[in-house]
Amino acid sequence: MKKIGLVIVLLALIVSGVAKTQSSDSPWVSFSSWYNHSCALTGAGKAYCWGSNSSGRLGDGSQDDKKVATPVSGGLSFSSISVGANHTCAIGTNKQTYCWGRNDRAQLGFNSSGSRKPNEVGELLVPTALLTDLSFSSVSAGMFNTCALTSEGKAYCWGINANGANGSDPGESESSTPQAVKGKHVFVSIQAGRTLGCGLTAAG
C-alpha cells in the first residue's frame, strides 16, 4: 500500500514538472499572419517571425527569407504583435511601440522614403521605437497603415490614409505620426485592414 502511495506521489510530481516545463518553455501564446509572413510570441514575450523577409519584415536584421521561426533581433520582450502586408509592429513590455519592415507609406511611423522630408526611412530591418510620447496597449498593422489603442481605449492610426483608413483628417494623404481617430469612442479592440479600419467598443 505504501508503494502504491509513493508511485502516485511520484507520478503527480512528474506531471506537475512536465506542465511547469511546458509553460515555462512557452509555446506560442499569440500569433499573427498576413500574405507571406507570420510572427508569434512566446509566453516569455519573445518574438519569432518566418516567411518572406522582403524589406526586413521579419525583424532579424536581414532580408533573407526564413522557413523556420526566427528570433526577432534586439532581445526585446513584447506583450502583443501584429503582422501587416509588408511590415510588423509590436508593443514592448516596456510600453514602447516598435515597428519594422517597409515604410513606403509611413506605416512604421517615420517619414516615408518618397515624402522628401527630414528623417526619411524606406525600410527598417530591426524593431525600431515609434517616435511618440503616446503609450499603446495593443497594435494592428494593416496593408499600408498601422492603428493602435491606448489603455484608455483611445484609437490612433498612422501611415497612408487612403479612403480615410486612419479615421482622422480625410484630407490628409498620410501621416508619419499617430493621429487620433475622430469621435469620442472608447474601443476595446481595433483592426487595420487594406484601406479601412474597424474598432469594437466596450458596449459591443
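# A tour from Tyr 35 outward

Start by selecting Tyr 35: at 61% relative accessible area, this residue is exposed. Exposed means over 50%, buried means under 20%, and partly exposed is in between, using a 1.4 Å probe and protein chains only. Tyr 35 sits in the loop between β1 and β2. Its phi is positive, about 55 degrees, although Tyr 35 is not a glycine.

Before moving on, note that this model is predicted: local features need pLDDT of at least 70, side-chain atom pairs count only at pLDDT 80 or more, and totals for chains, interfaces and linings use all residues. Residues are numbered from 1 along each chain as its sequence is written, and side-chain values use heavy atoms, with hydrogens and water left out.

**Stop 1: the sheet**

Select β1 to β4. They make an open sheet of four strands in the order β1-β2-β3-β4, with antiparallel pairing. The edge strands are β1 (28-34) and β4 (66-71), and each of them pairs on one side only. From one strand to the next, the twist averages 15 degrees. Strands are DSSP runs of E with at least two residues, helices are runs of H or I with at least four, and both are numbered from the N terminus. Two strands pair if DSSP finds at least two bridges between them.

β1 and β2 (residues 37-42) run antiparallel and are joined by six bridges. Find Ser 32: Cys 39 in β2 stands opposite. Next, β2 and β3 are joined by five bridges, again antiparallel. Here His 37 stands opposite Gly 51 in β3. Last, three bridges join β3 to β4, which run antiparallel. Tyr 48 has Pro 71 in β4 as its bridge partner.

**Stop 2**

How many residues lie between β2 and β3 in their hairpin? There are four, and Gly 45 in this turn has a positive phi of about 85 degrees.

Val 29 belongs to strand β1. Val 29 is exposed, at 59% relative accessible area. Leaving aside residues up to four places away in sequence, Val 29 touches Leu 41, Thr 42 and Gly 43. Contact here means heavy atoms within 4.5 Å.

**Stop 3: the aromatic rings**

Eight aromatic pairs turn up in a search of the whole structure. Show Trp 28 and Tyr 48. Their ring centres are 5.4 Å apart and their planes at 65 degrees, so this pair is edge-to-face. Trp 28 lies in β1 and Tyr 48 in β3 (residues 47-51), so the pair ties together parts that are 20 residues apart in sequence. Rings of Phe, Tyr and Trp (its six-membered ring) pair if their centres lie within 6.5 Å; planes under 30 degrees apart count as stacked, over 60 as edge-to-face and the rest as tilted.

Are these two residues buried or partly exposed? Trp 28 is partly exposed at 44%, and Tyr 48 is partly exposed at 25%.

**Stop 4: the nonpolar cores**

Select Ala 47, Phe 78, Ile 81 and Trp 100. These have the most contacts inside the largest nonpolar core, which has 15 residues. β2, β3, β5 (78-83) and β7 (97-102) each supply at least two residues of this core. The largest share, three residues, comes from β5. Another core lies apart from it, with 13 residues, among them Ile 91, Cys 99, Phe 136 and Val 139. A nonpolar core is a set of buried Ala, Val, Leu, Ile, Met, Phe, Trp, Tyr and Cys residues joined through side-chain atoms within 4.5 Å.

Zoom in on Phe 78. Beyond four places in sequence, its contacts include Leu 41, Gly 45, Ala 47 and Trp 100.

**Stop 5**

Go to Lys 95, in the loop between β6 (87-92) and β7. Its phi is near 75 degrees, a positive value in a residue other than glycine. Lys 95 is exposed, at 55% relative accessible area.

Finish at Ser 168, in the loop between β13 (155-160) and β14 (174-180). Ser 168 is buried, with a relative accessible area of 11%. Not counting residues up to four places away in sequence, Ser 168 touches Gln 179, Ala 180 and Lys 182.

Conventions: Axes fitted to C-alpha atoms, helices over the stretch in contact; angles between N-to-C directions.
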